[in-house]
Structures are given as structure tokens and as C-alpha cells.
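My notes follow the display.

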Amino acid sequence: MPSLKDLRNRINSVKATQKITKAMQMVAAAKLRHAQEAAEAARPYSQRMNAVIARLASRLKDQEGISPFLAGTGREDVHLLVVCTAERGLCGAFNANIVKLATEHIERLKGEGRTVKLLCVGRKGYDQLKRPYRDLMIDAPVDLKQVKRLRFQHAHEIADRLIRMFEKGEFDVCTLFYSEFQSVIKQTPRPLQLIPARIEEQTAEETAGSGATYEYEPDEQEILNDLLPRNVSVQVFRALLENAASEQGARMTAMDNATRNAGEMIRTLTLDYNRQRQALITKELMEIISGAEAIS
Amino acid sequence: MADALKLELVSPEKELASRMVREVLVPGLEGYFEVRPGHAPVLSILRPGVLRITEISNAETQFFVRGGYVEVGGDEMSVLAEYAMPLEQFDAEKLQREIRWAEEDLQDARNEEEHRKLAERLDFLRALQTALETGF
């Protein structure tokens, strides 16, 4: 049985921890709002971009000379997986979920006899993946630790690198792993195929009819070939923004749980403490009374 | 024919403009062209340059735009630019200095990678400077 003093110390330390988790939760909530706003602001651009590409792609689908960014290299031998995670921990299973999904893909692709290359964005995913897959890493992780606010430039640099690697023929298929923000309590890790671009059939059908009378400057194919590499940046940017929002959402939930657990712990500890205190008082009273009785 | 068209200017980070305007001068890949209400549908790639908007009030607003495309259809047009900035936010002197720095950096570039990045940046700054000086 711990002494009264031990109990008091423990209660105080749990209270201090609770204050920290509470503060972290509030910080995450504020950051989440910013991240969501940023993700929201980026949406119109990527939607329009997708619509135009889908329209052009559906019209040019069967033509010769289409950009390899859409048609692929004709092979599927070398896969580059870009794993986007957070730079910091203490956000529940956020990083672990993304890494798990990526690991499943790595194992599946390896089982099919493909070559897998890995590039990490964010420290946490790298730390987890470097142990089993050090030989697959093509480089140190892309560091976004100093980044306070994610700009398009950051995504552009990553995309630029991917594009140059693709042009050099260093991989055939590029898939990015990120976590889609659904709500504060739900973030789903997802794969996103960047190269060759995946055009959603549905959007292609919807927009196919309306573009019949457009004048194109220069011609359709050149526009498409110009837009496809740009679209890689846009997709990376979108994924990173989603990821940022998811990270904060996950952290908020994790810290909320931690705060609640601490509260629960404080409650039981205080109960123990009071019980012991009362037992002590009773014991002392009994001693006084029996002492008095012995005298009289 | 309506005397106004709806312009939407969007960059990946945010929507910069979404309003009714009188006409817009667009830096298309094959030259500047003017868009007025009722313009034939066009889809064109952008060239780095100045997007000049004539507002309903006949005032002019200028944006420097780079990378992306413009889509015109009927009385609506949308400009998607990877980089877009109101022109008045640039300062000619500061730009001059930046260009000088970039040139110096370029000479000191150690490897191909660095060289390529700096050259890209210098290109960008020069395009910006011409845009600022000539208005085009």
C-alpha cells in the first residue's frame, strides 16, 4: 500500500500530464482549423484541373503519341512508393496506419516480383520503414520539419523530383501514400497513383460532351502534355494538405483521449487517497478513545 | 450580349478572384488575347506574364501569373495559375536586387541539381521583371 505522500505525488504528476495533453489538444484543434482551411482553399484548383484533364484525356485516349504521364511506360516493373507521414509523433495511430498500408503494398509488389523503391516524406514514416526496408530507400526523407505553413512550392519540389526521375526511366509506376481526412475521429490511409495518372471514368464521362466546341491553343495534345506533369504537383500538394489536416485531427483525438484517461486516473487515485486519509483518522481516533478509556 | 463576364482566378493555394469583370487580357502561349463577354470557347496554356483585368468600374487590376491554363466558355472564364500575385505587390528595386543575387548564386552553383534550380528561379524573376517594366 503506497503511503499518503506517494499518492499525493502521483496525483500531482498525473495532473501535470493532463495539463500538457490538454494544451496539446487545444493546439492541435487550432492547427486543424488552419489545415482544413488550407485544404478547402486548394480544392477548386485541383477539381478544375482534374476536370480539364479528364475531358482532354477522354477525347485523346486512343491516339498516338500520348504523354507517358498518362499512358505509362508500357511496363510495370519498377514501382516507386512515396510514403507521406508526419514529422512528429503523439498523434495516435496516424503514422502507423499509413506505414501499415505502405508495408502491405511493398510486400504484395515484392511477391509479384516487382522492383520496389521507397521515398519518404516526413521523418516518422522513414523511422519506421528504414528498419525492414533500408535497401529500398532511394534517399533520405524529404524534410518538412521546418515548414510552418505548407506552400505549393514544397509540393512542387517533390513533384519535380518525381518527374525528373520518371523521365530518366527510374521507375514505371509511382504511388503516393497519404491519409485522407474524413473527420476529426476518422482518417483513412489511401494510396494515390500519381504516374501514370489515373483519370476517374465518371468525371470523364460527365465532362466529355461539353468540350466539343472548344478552340485549343496550342492543340489539345500539347495542352494535355503540358498539364499532366503540372497535375502531379497539384496531386502531391492536395495529398500533403490532407495529410496535415489528418495529422492534426488524429493528434486532437489522441490527446483528448489522453486527457480523459488522466482525469479517470486522478479520480481513482483521489478516491484511494481519501480512503487512506479517513482510515488514518479513524485509527488515530480509536487510539485516543482507547487511551482515554484506559485512564478512566 | 451581356456586358460583364465572370472571372475566376485560382491558384493552388487559394482563390484570388471570383467576380464579374468587363474584360480580361490574357497572356496565352501564342500571344496575348482579349476576352470579352461572349468570347468563343477557348482552352489555352498560360505564358508567364500579366493578366490585366478591366473591372466593371473600368478600373484596372493586374496579376502576374505563371504556369497553368485559361478556360473561356460563354460568359465565364477561369484562370488556373500555379503562381499568381497582384502586380502591385512587387517592388522593382527589390526585384532587381533579387535578380542580381540569383545571378551570383548561379555562378557559384556546385552541382547540376543546384544549377537547374537556380536557373529556373532566375528565369522566373526575369519574366517578372519584364512584366513589371513593360506591363506585358
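This is a predicted model: local features need pLDDT of at least 70, side-chain atom pairs count only at pLDDT 80 or more; totals for chains, interfaces and linings use all residues.

The buried residues of H5(A) pack against strand E2 (115–121), strand E3 (173–183), strand E4 (186–195) and H7 of chain A, together with strand E7 (76–86) of chain B. I listed these buried residues as A:Phe152, A:Ala155, A:His156, A:Ile158, A:Ala159, A:Leu162 and A:Phe166. Viewed down the axis of H5(A), they fall within an arc of 165°, so they line one face of the helix.

I then checked the length of H5 (residues 152–167) of chain A. At 1.5 Å a residue, its 16 residues should span 22 Å, and the end C-alpha atoms are 22 Å apart, which agrees. After H5(A) comes A:Gly169, with a positive phi near 75°.

Next I turned to the largest nonpolar core, which has 94 residues. A:Val82 and A:Val83 have the most contacts inside it. Helix H7 (residues 220–295) of chain A gives the most to this core, with 17 residues. Leaving aside residues up to four places away in sequence, I found that A:Val83 touches, among others, A:Ile98, A:Leu118, A:Leu129 and A:Phe177.

Finally I examined where the chains meet. I noted that 21 residues of chain B are in contact with 21 residues of chain A. On the side of chain B that touches chain A, E4(B) gives the most, with six residues. The residues of that side divide into ten nonpolar, five polar and six charged. Strand E5 (residues 215–217) of chain A and E4(B) pair in the parallel sense over three bridges. I also recorded that A:Glu217 stands opposite B:Ser44 in E4(B).

Key. Residues are numbered from 1 along each chain as its sequence is written. Chains are lettered from A and ligands numbered from 1 in the order in which they are written. A nonpolar core is a set of buried Ala, Val, Leu, Ile, Met, Phe, Trp, Tyr and Cys residues joined through C-beta atoms within 7 Å. A residue is buried if 20 or more other C-beta atoms lie within 10 Å of its own, exposed if 12 or fewer, and partly exposed in between; C-beta atoms are placed from the backbone. Helices (H or I, at least four residues) and strands (E, at least two) are DSSP runs, numbered from the N terminus. Two residues are in contact if their C-beta atoms, placed from the backbone, lie within 7 Å. The expected span of a helix is 1.5 Å times one less than its number of residues. The arc is that of the directions from the helix axis to the C-beta atoms. Ala, Val, Leu, Ile, Met, Phe, Trp, Tyr, Cys and Pro count as nonpolar, Asp, Glu, Lys and Arg as charged, and the others, Gly among them, as polar. Two strands pair if DSSP finds at least two bridges between them.
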